[in-house]
Amino acid sequence: MAQFQSLPGFREFYPDAFARRSHIFRGWRRAAHAYGFSEYDAPVLEPLELYKAKSGDEIEAQLFSFVDKGGREVALRPEMTPTVCRLVGAKASALKRPIKWCSIGEFYRYERAQKGRERAFFQFNCDIFGEPGPEAEIELIGLLVQALSGFGLTAADFYVRLSDRTLWLHYLASLGLDEARSKSVLGAVDKYEKMGDDAFKGYAEAHGAPLAEEVKAKVLAFLKIKSLSALEAVLAPIGGDALQARLADWRKLLNGLAAMGLGEFVEVDFGVVRGLAYYTGFVFEAFDRKGELRAIAGGGRYDDLVKKLGGPDLPAVGFAIGDVTMGLLLEARGLMPAFGPNAEIYAVIGGEAERAAAFLDIAALRAAGYRVEYPLKDLAFGKQFKAAAESGAKIALVYGGDELAKGVVKLRDLADRSEHEIPRDSVLVAVRDHLSGGASS
RNA sequence: GCGGUCAUAGCUCAGUUGGUUAGAGCACAAGAUUGUGAUUCUUGGGGUCGCGGGUUCGAAUCCCGUUGACCGCCCCA
């Protein structure tokens, strides 16, 4: 039994787990590159103030924070958004628009680990800066879908729920609610799915009286809106240019996503508002269809945040996918491949005398990019062939005394068990022909 | 921060009302087999039974504490 254990919520990636993690990262990068996003990274340790400025003092309880030896209050990053806002803000005027950036990084939150939630986890963050219109959302949600569907997940496995804090605030204002009351109502809406009617208790406590029943009925009806047409019907009597412009944005967004063939992945759902106060417009969350897991991804527009963190006035929209929940979903749907040894060639070596000849070819094959394995210590031939089969290799090269005496190497196809002799000086060519052609005779 | 369940070999687990030196399967290694593979047989390494304390002639087993894991609550950027 090991004397030391890893800290709670921190994961150790043994080779098989690391292979699964790499598979996830590869899929994310493939999608991001297809969409023309540039990858960046930034410090893991940041000034504590960066997160307080964005989220308030209460956030400190959820952070890995401490005072460093220089007396600085610092924190391990719990998310990428404030950092990327700083990076983009600092060079905004020099960056070509639109700014489409992505990153894969590890994040740290001091919370109790649960299913789908660890204290250290990876996130794929994608953001578009400098584009205020719904064109940015189309591009970003398209990427979100592809970053999941690229693993083989379909519209039967996950979907993106799409909502809009701007419209919510318009609607609540039309019901006579001021800004503070509207924020409280949005907080209740965020919790309604889980808590039901109790979600509105906070409103009553904050404002001294419960939300008027007729207003509450309208709020509950609004959060159940699941289509653009239902939305238009509810908002028609209210009118106003701003509202009409916003509905036009909605049509553009949904039409754009439909034209990309993503209609079946996206659902209008005003039950989503996301609790975070800094979201300013469209918000969205990706969930598994069966509702068995916590959110796979979340995002939205945050047009005020870059400026709030000391940068220029720069509109922004972004999302993040976590590796934990997405990994669970891939496993549950049988979409996580089995990763094992993946050698292509296994050299069977007769003994010390044959080793030098084998090494010459092994080095050449490896230099040419082939994955080559051989036994580090002398082994019986039977064991070597067994090891060759287990290594995943497609062919074995046999360096025995008999072969070397004849100036040849025996090439054995491990799948069909055929073998033939090849001249020592044409091993590379013979291997290339055999592996590329798939021919065995 | 709160509650529930659990902790025996690398993995999955068994271990009788507390009783001799804690077991099995899988995995790993060696041999049977100094020239041909997923089979078989034999053998081996690997445990302070999560950790600490208590009760007892005697504790993997009972009690207390603690740490960790899983599940849920709070939170979820």
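Author: A pocket here is an open set of grid points with protein on both sides within 12 Å along at least five of seven lines. With that in hand, we can look at this predicted model.

Reader: How much space lies in the second largest pocket?

Author: The second largest pocket holds about 230 Å³ of space.

Reader: What makes a residue part of the lining, and which residues lie nearest the centre of the second largest pocket?

Author: A lining residue has an atom within 4 Å of a point. For the second largest pocket, 13 residues line the space, and Arg11, Phe13, Arg20, Gly327 and Glu331 lie nearest its centre. Helix 1 (15–34) and helix 12 (323–332) are the elements that each give two or more residues to this lining. Helix 12 supplies the largest share, five residues. Sorted by class, the lining of the second largest pocket comprises six nonpolar, one polar and six charged residues.

Reader: What makes helix 2 and helix 3 roughly perpendicular?

Author: The range for roughly perpendicular is 65 to 115 degrees. Helix 2 (residues 48–55) and helix 3 (residues 81–90) have axes that cross at roughly 100° and come within 9 Å. The two helices are therefore roughly perpendicular to each other. Leu50, Tyr51 and Lys54 of helix 2 meet Pro82, Thr83 and Arg86 of helix 3. This contact divides into three nonpolar, one polar and two charged residues.

Reader: And why is helix 5 described as roughly antiparallel to helix 10?

Author: Angles over 145 degrees count as roughly antiparallel. The axes of helix 5 (residues 165–174) and helix 10 come within 11 Å and cross at roughly 150°. Helix 5 is therefore roughly antiparallel to helix 10, and their crossing is left-handed. Thr166, Leu167 and His170 of helix 5 make the contact with Ala242, Leu243, Arg246, Leu247 and Trp250 of helix 10.

How values were computed. Residues numbered from 1 in each chain as written. Chains lettered and ligands numbered in written order. Predicted model: local features only at pLDDT ≥ 70, side-chain atom pairs only at ≥ 80, totals over all residues. Heavy atoms only, no water. 1 Å grid on protein atoms, 1.4 Å probe; cavity = no way out; pocket = protein on both sides within 12 Å on 5 of 7 lines; lining within 4 Å. Points joined across faces, edges and corners; volume = space filled by probe spheres on them. Helix = DSSP H or I, 4+ residues; strand = E, 2+ residues; numbered from the N terminus. Nonpolar A, V, L, I, M, F, W, Y, C, P; charged D, E, K, R; others polar. Axes fitted to C-alpha atoms, helices over the stretch in contact; angles between N-to-C directions. Parallel < 35°, antiparallel > 145°, perpendicular 65-115°, else oblique. Contact = heavy atoms within 4.5 Å. Left-handed = near helix turned anticlockwise from the far one by under 90°.
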